[in-house]
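Q: Could we go through this structure together? I would like to start with the overall picture and then turn to details.

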Amino acid sequence: MDKKFVKELEIAAAKVRIGIIEGVHSAKAGHPGGSLSCADLLTYLYLHRLHVDPADPKMPTRDRMVLSKGHAAPALYAALALRGFFPMEEMKTLRKIDSRMQGHPDSLKIPGVDASTGSLGQGISAACGMALSGKISCDSYKVYTILGDGELQEGEVWEAAMFAAHYQLDNLVAVVDNNGMQIDGKVSEVMSPYPIDRKFEAFGWHVININGHDFNEMEKAFNEAETVMQKPTVIIMRTVKGKGVSYMEDALEWHGKAPNDEQYEIAMKELTAHLAELER
Amino acid sequence: MANKATREGYGDGLCALAEVRPDLIVLDADLSAATKTCIFQKAYPEKHFNCGIAESNMMGVAAGLASTGKLVFASSFAMFAAGRAFEIVRNSIAYPKLNVKIGATHAGISVGEDGATHQCCEDIALMRAIPGMTVINPADYVEAKAAVLAMAEYEGPTYLRFGRLAVPIYNDEATYKFEVGKGITVRDGDDISIFATGLMVAEAMEAGQILADEGINARVVNIHTIKPIDRDVIVKAAKETKAIVTVEEHSTIGGLGSAVCDVVLEEFPTTVVKLGIEDAFGHSGAAKDLLREYGLCAENIVNVVKSVLKK
């Protein structure tokens, strides 16, 4: 990718992060840490990689994207908003009683959401079904799904991993947001999923490891995934939980907590300053 | 009357359905020979996918397939389809209102020899509780096959319950038409009403005959759709007969009996006696012996009806 485009994506990601903080602060609840860690990825997918059309969210030929780690809904919504599915202003209605911005992704209520997720481990199975459907009908769409690293503790993930390899779903790419933390602590201490790469490899997947905050590495990985035949691909991306807001970075307490007004001001100051610097 | 299991109707029904719905996909979880999706697999190998012994993933895969517009049947034993995979059925299938049909065979204690771990007597209660889930429990082979075929034009998540045991075929395949949500009065009478579902319909019909021979006119109603339930047929029975007896090869908690009570209490309170498995696990044994032990036979239905009428 040329430098100018990388910069454009960085600017978009900064806006997505602002949307996340706006949403979570307004809701006084939600999951900022795991939203910020996959904000770059969702920006890359919705503003660059995915074949989607905000004017026709149910377009049959669209690429599918299933946020298996559904608690990162604020990041998904902000990316969808930036892509034009609905106004970014709606982030402020997140989790509110009359809002369609549900606490976890809802495929019936929110344009652009391909699967209702939030109960961990289930999204990847639905993604497998979408990919299998594409194979049956010889459709050319791709299916992407994003998993949390803690989510890998769910047995259903490995049932799905077996299924995807067995049916040679090379139209499926799973991404693991490896931010290293879950509600109760470090994933390595709560219930270690490591080594994640060797586990997927043993299940018959093509495995790529990248830095989840580097758009060039993402581009390379997703391009590589397109060349893999008869195997699903998993991209394991190292990320920083809470990425972009200094006091939330690598801090466990920000898994599922909203910033208060004062903390919100600090976060917005940091994020808008970063955005201004990128736009200069 | 010839005997055939309702699960055979499931397998044959899928083949018939494929003729009118070319988008039909059938999933199974390593039980194809038992659930009878093997019949479909033989006819349409390219439309049958084995998911292995992984029911949770199978339900999620079904959701994904349905979200792309396919008509999907996901098959396993009731224990694993409604039990193990409950939360995936709820969240991945029912919440997004996806058009997934769950074909659950080997329901109830008539599973027999396999024993309690495989005798699911809670599935109707579990599935009924899920918002928007249709629950169907056919009574014989003909009805089972027709119910599957009816799914060609019935949108939304649906749970179809089938039995392992070969049971009498009393419907005529040439004339029978399945209507979702419609109770069928198989015998008229105004002394008492017997509401039965699934394999218990044949027993209730036999009981109706025995009672008639003794001068008691029992109305026998086949409730093949437990949700949405036919409120009219229940209210009518509550008004026109002295009491209602419900019979199901399922727990008395949350099944047909409970569904009938809900309607009766709201519309026209009357005496309802629930016959079923009373808060118990089953055990190994021949199906017929087990059904007799739990009182799920014509003879016991007759006794219960008589004691209700005596009160």
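Q: What ipTM and pTM does the model score?
A: This is a predicted model, and it scores ipTM 0.97 and pTM 0.97.

Q: And what is the mean pLDDT of chain B?
A: For chain B the mean pLDDT is 97, and 100% of its residues reach 70 or more.

Q: How many residues are in contact between chain A and chain B?
A: Chain A contributes 21 residues, which are in contact with 23 residues of chain B.

Q: Which helix of chain A gives the largest share of that side?
A: Helix 5 of chain A does, with nine residues. Helix 5 (123-137) and helix 6 (155-166) of chain A each supply at least two residues of the side touching chain B.

Q: How do the residues on that side divide into nonpolar, polar and charged?
A: On the side of chain A that touches chain B, eleven are nonpolar, seven polar and three charged.

Q: Turning to strand 3 of chain A, why is it described as largely enclosed?
A: Seven of the seven residues of strand 3 (residues 172-178) of chain A are buried, so the strand is largely enclosed by the rest of the structure.

Q: Which residues point which way from it?
A: A:Leu172, A:Ala174, A:Val176 and A:Asn178 point one way from strand 3 of chain A, while A:Val173, A:Val175 and A:Asp177 point the other way; all are buried. In a regular strand, side chains alternate between the two faces of the sheet.

Q: In what sense does strand 3 of chain A pair with strand 2 of chain A?
A: Strand 2 (residues 143-148) of chain A and strand 3 of chain A pair in the parallel sense over six bridges. Within this pairing, A:Tyr144 has A:Val173 of strand 3 as its bridge partner. The chain passes from strand 2 of chain A through helix 6 of chain A to strand 3 of chain A, a right-handed β-α-β crossover.

Q: And with strand 7 of chain A?
A: Strand 3 of chain A also pairs in the parallel sense with strand 7 (residues 233-238) of chain A, over six bridges. There, A:Asn178 stands opposite A:Arg238 of strand 7.

Q: Now chain B: which domains does the assignment give?
A: The assignment gives domain 1 (3-168) and domain 2 (184-310) of chain B. Their C-alpha centres lie 25 Å apart. The contact takes 28 residues from domain 1 and 30 residues from domain 2 of chain B.

Key
Residues numbered from 1 in each chain as written. Chains lettered and ligands numbered in written order. Predicted model: local features only at pLDDT ≥ 70, side-chain atom pairs only at ≥ 80, totals over all residues. Contact = placed C-beta atoms within 7 Å. Helix = DSSP H or I, 4+ residues; strand = E, 2+ residues; numbered from the N terminus. Nonpolar A, V, L, I, M, F, W, Y, C, P; charged D, E, K, R; others polar. Buried ≥ 20, exposed ≤ 12 C-beta atoms within 10 Å, placed from the backbone. Pairing = 2+ DSSP bridges. Right-handed = clockwise from strand over helix to strand, strands pointing away. pLDDT = per-residue confidence, 0-100. Domains from an automatic or database assignment.
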